[in-house]
Amino acid sequence: MSKDTLTIVDNRTEKTYEVPLFKGAVRAMDLRQIKVNAEDFGVMTYDPAFMNTASCQSSITFIDGDKGILRYRGYPIEQLAEKCSFLEVAYLVLFGELPTASQLKEWETEITLHTMIHESVKKFMAGFHYDAHPMGMLVSTVAALSTFYPDAKSVLDPKVRRLQILRLIGKMPTIAACAYRHRMGYPIVNPDNDLSYTANFMNMLWRMVEPKFVANPVLARALDILFILHADHEQNCGTNAMRAVGSSQADPYLATAAAAAALAGPLHGGANEEVLKMLDEISTVDRIPAFIEQVKGGKGRLMGFGHRVYKNYDPRARIIKQTAEEVFKVTGRNPKLEIAIELEKIALSDEYFIKRKLYPNVDFYSGIIYQAMGFTPEMFTVLFAIPRTAGWLAQWQEMITDPEQKIARPRQIYTGHWIKEVVPIEKRG
Ligand SMILES: CC(C)(COP(=O)(O)OP(=O)(O)OC[C@H]1O[C@@H](n2cnc3c(N)ncnc32)[C@H](O)[C@@H]1OP(=O)(O)O)[C@@H](O)C(=O)NCCC(=O)NCCS
């Protein structure tokens, strides 16, 4: 009979330990009993960048990186992108099941009632420099919401949590649009409750003097699909920040600001902005081979390629590529698409990329669509943060209600000096 355990022999002491496997994993605390003597701290695991450490149990998102599978709550991303709206998917991610028609109606109404921001939030945002990066504005303003909603501190109260979830999902597009219009020097547009989540976002971004903004339905649907694709992606850098900060019971505005700050980095959500810069730098198809050689020589990376988890084509990239065709029928073809397609073709047949299993990720094509829709590259990460807020909040809720979770506090292997005497400053040389 096989047993769900590991037998570990400590060659230092010749003692043998039997350690249970928990859902295929070793509980790191079970290793602590392995000691040389009573004073010994016990064995720890060492895993910089969490390459092989599960920090939680989660029932939200499933990824099989080798097969290129992504599911939210068991539903394949392809079906959700085809058949659902973003708010339906946000509900699914947050509450575990797709809403019924009446639940969806109520959910949409509740979110719509929370889209406005306090006038002082607008004044706060007016203080940013005219060319401030929209991610910096978003992160700071989301953190500032904490000062407007002190009730949010009661994170253990499910009713309070639900209210902050509505506020955050409702206000994220409003803050994002304010950040965009602040840079452009345009007046702020208030939300329009007649419009869908994405059509209203487009209204707040682009309405000028017309009495009623009418969003192009193809573009509004494309944005909705892009939001669905970005709603959650299990334990990545931003989500880990959300859980880590939330684990101190800081309110969800502060935790979401931390998650968004993590997302802002070029190796995470900032990658699609970098993809466009890269395509600009390449500028013509004939310069692709030289660029690829440069990357292979260790000079820079092929942005929008490679993923910590996907060692296959990112399923989101495939859906985005299809959505791009719909968008281009309305906007005209973005000339960068030709360069991107050729770059993908060359990279996918090159030994360097094949050997390392480097495939296009979600960011490779998303920037091209966003640009065709009229977004400037600085807005791309903001467009990622809006839908990911649903995922962050779902992960935060799961963490708060998980009896096994406590404040996140990793260990370290100390490599510094053991003990030193402080020399008076006049004698230091
Ligand atoms: C996403 C990413 C950070 C994952 O990194 P990771 O899991 O830590 O992988 P590593 O950095 O260990 O890379 C493994 C190998 O592939 C190479 N590699 C990874 N991504 C690469 C890329 N985009 N271009 C060229 N080489 C790349 C690394 O140089 C390394 O090569 P080596 O084994 O010869 O040293 C990385 O692939 C990357 O920087 N991609 C570009 C940025 C991007 O698109 N990010 C968006 C993610 S959704």
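Which residues in α3 meet which residues in α6? Trp107, Glu110 and Ile111 in α3 meet Arg162, Ile165, Leu166, Ile169 and Gly170 in α6, where contact means heavy atoms within 4.5 Å.

## Basis of the model

This is a predicted model, in which local features need pLDDT of at least 70 and side-chain atom pairs count only at pLDDT 80 or more, while totals for chains, interfaces and linings use all residues. Residues are numbered from 1 along each chain as its sequence is written, and side-chain values use heavy atoms, with hydrogens and water left out.

Helices are DSSP runs (H or I, at least four residues) numbered from the N terminus. The axes of α3 and helix α6 (residues 158-184) are 8 Å apart, and the two helices pack at an angle of about 70°. Axes are lines fitted to C-alpha atoms, for helices over the stretch in contact, and angles run from 0 to 180 degrees between N-to-C directions. α3 and α6 are therefore roughly perpendicular to each other (65 to 115 degrees). Their contact comprises 5 nonpolar, 1 polar and 2 charged residues. In this classification Ala, Val, Leu, Ile, Met, Phe, Trp, Tyr, Cys and Pro count as nonpolar, Asp, Glu, Lys and Arg as charged, and the others, Gly among them, as polar.

Helix α3 (residues 101-112) also approaches helix α2 (residues 86-95), with axes that come within 10 Å and cross at roughly 100°. α2 and α3 are therefore roughly perpendicular to each other. On the α2 side the residues are Leu87, Glu88, Ala90, Tyr91, Leu94 and Phe95, and these meet Gln103, Leu104, Trp107, Glu108 and Ile111 in α3. This contact of α2 with α3 has 8 nonpolar, 1 polar and 2 charged residues.

## Crossing of α10 and α17

Helix α10 (residues 252-263) and helix α17 (residues 380-400) have axes that come within 10 Å and cross at roughly 130°. Pro252, Thr256, Ala259, Ala260 and Leu263 of α10 make the contact with Thr381, Phe384, Ala385, Thr389, Trp392, Leu393 and Trp396 of α17. The residues of this contact divide into 9 nonpolar, 3 polar and no charged.

## Ligand surroundings

The ligand is surrounded by 17 residues, of which the closest are Arg301, Leu302, Gly304, Arg308 and Arg356 (a heavy atom within 4 Å).

A backbone N or O atom of leucine 302 lies 2.8 Å from a nitrogen atom of the ligand. For leucine 267, a backbone N or O atom lies 3.4 Å from a ligand nitrogen atom. An N or O atom in the side chain of asparagine 361 is 2.9 Å from an oxygen atom of the ligand.

Key
A polar contact is a pair of N or O atoms within 3.5 Å; within protein, one must be able to donate a hydrogen and the other to accept it, and residues adjacent in sequence count only if both atoms are side-chain atoms. Angles under 35 degrees count as roughly parallel, over 145 as roughly antiparallel, 65 to 115 as roughly perpendicular and the rest as oblique.
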